[in-house]
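Here are some notes for a colleague who is opening this structure for the first time. Please read them with the model in view.

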Amino acid sequence: MDCNLLEKCGFFRKYQQSQDMACRSFIRSYCKGPKQDECERKKFREQNGVPPDDDMMPSGQTIPKNLL
């Protein structure tokens, strides 16, 4: 089952077509997989009332600039 925030998620929208293995792994595990409840992007949105930066990965880390 996909994350209920998928359509609003800047990370997913920006990186869903990425060929980078790390991005694909995060999307498979967090956005469309078993780690949805562990997503730091979801927690950030709940705590701050606004979505995090698009380059914040579901793990809470920021995408390295060399992958942008």
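1. A residue is called buried when its relative accessible area is under 20%, exposed when it is over 50%, and partly exposed in between (1.4 Å probe, protein chains only). The model is predicted, so local features need pLDDT of at least 70 and side-chain atom pairs count only at pLDDT 80 or more, while totals for chains, interfaces and linings use all residues. Residues are numbered from 1 along each chain as its sequence is written, and side-chain values use heavy atoms, with hydrogens and water left out.

2. Helices here are DSSP runs (H or I, at least four residues), numbered from the N terminus. By the accessibility rule, F26 and Y30 are both buried. The two lie four residues apart in helix α2 (residues 21-31), about one turn of the helix.

3. Rings of Phe, Tyr and Trp (its six-membered ring) pair if their centres lie within 6.5 Å; planes under 30 degrees apart count as stacked, over 60 as edge-to-face and the rest as tilted. The count by this rule is two aromatic pairs. In one of them, F11 and Y15 are 5.2 Å apart centre to centre with 40 degrees between the planes, a tilted pair. F11 and Y15 both belong to helix α1, where four residues, or about one turn, separate them. Both F11 and Y15 are buried. The pair of F26 and Y30 is also tilted, because the ring centres are 5.7 Å apart and the planes stand at 35 degrees.

4. How many salt bridges does the structure hold? Taking a salt bridge as a side-chain nitrogen of Lys or Arg within 4 Å of a carboxyl oxygen of Asp or Glu, the structure holds two. One of them joins the side chains of K14 and D55 at 2.9 Å, N to O. This pair links distant parts of the chain, 41 residues apart, with K14 in helix α1 (residues 10-15) and D55 in the segment after α3. K14 is partly exposed at a relative accessible area of 45%, whereas D55 is buried at 9%.

5. E40 and K43 also meet in a salt bridge, at 3.3 Å, N to O. About one helical turn separates E40 and K43, because they are three residues apart in helix α3. E40 is partly exposed, with 29% relative accessibility, and K43 is partly exposed too, with 32%.

6. N48 is located in helix α3 (residues 40-48). It has a relative accessible area of 44% and is therefore partly exposed. From N48 to K14 there are 34 residues in sequence and 21 Å in space, C-alpha to C-alpha.

7. A cavity is a set of points, on a 1 Å grid over the protein atoms alone, where a 1.4 Å probe fits but cannot get out; lining residues have an atom within 4 Å of a point. Grid points are joined across faces, edges and corners, and a volume is the space filled by probe spheres set on the points. The structure holds one cavity of 30 Å³ or more, and the largest cavity has a volume of about 120 Å³.

8. Residues lining the largest cavity include C3, L5, Y30, C39 and R41. Elements α2 and α3 each give two or more residues to this lining, and α3 gives the most, with three residues.

Note on methods: On a 1 Å grid over the protein atoms alone, a cavity is a set of points where a 1.4 Å probe fits but cannot get out, and a pocket is an open set with protein on both sides within 12 Å along at least five of seven lines; lining residues have an atom within 4 Å of a point.
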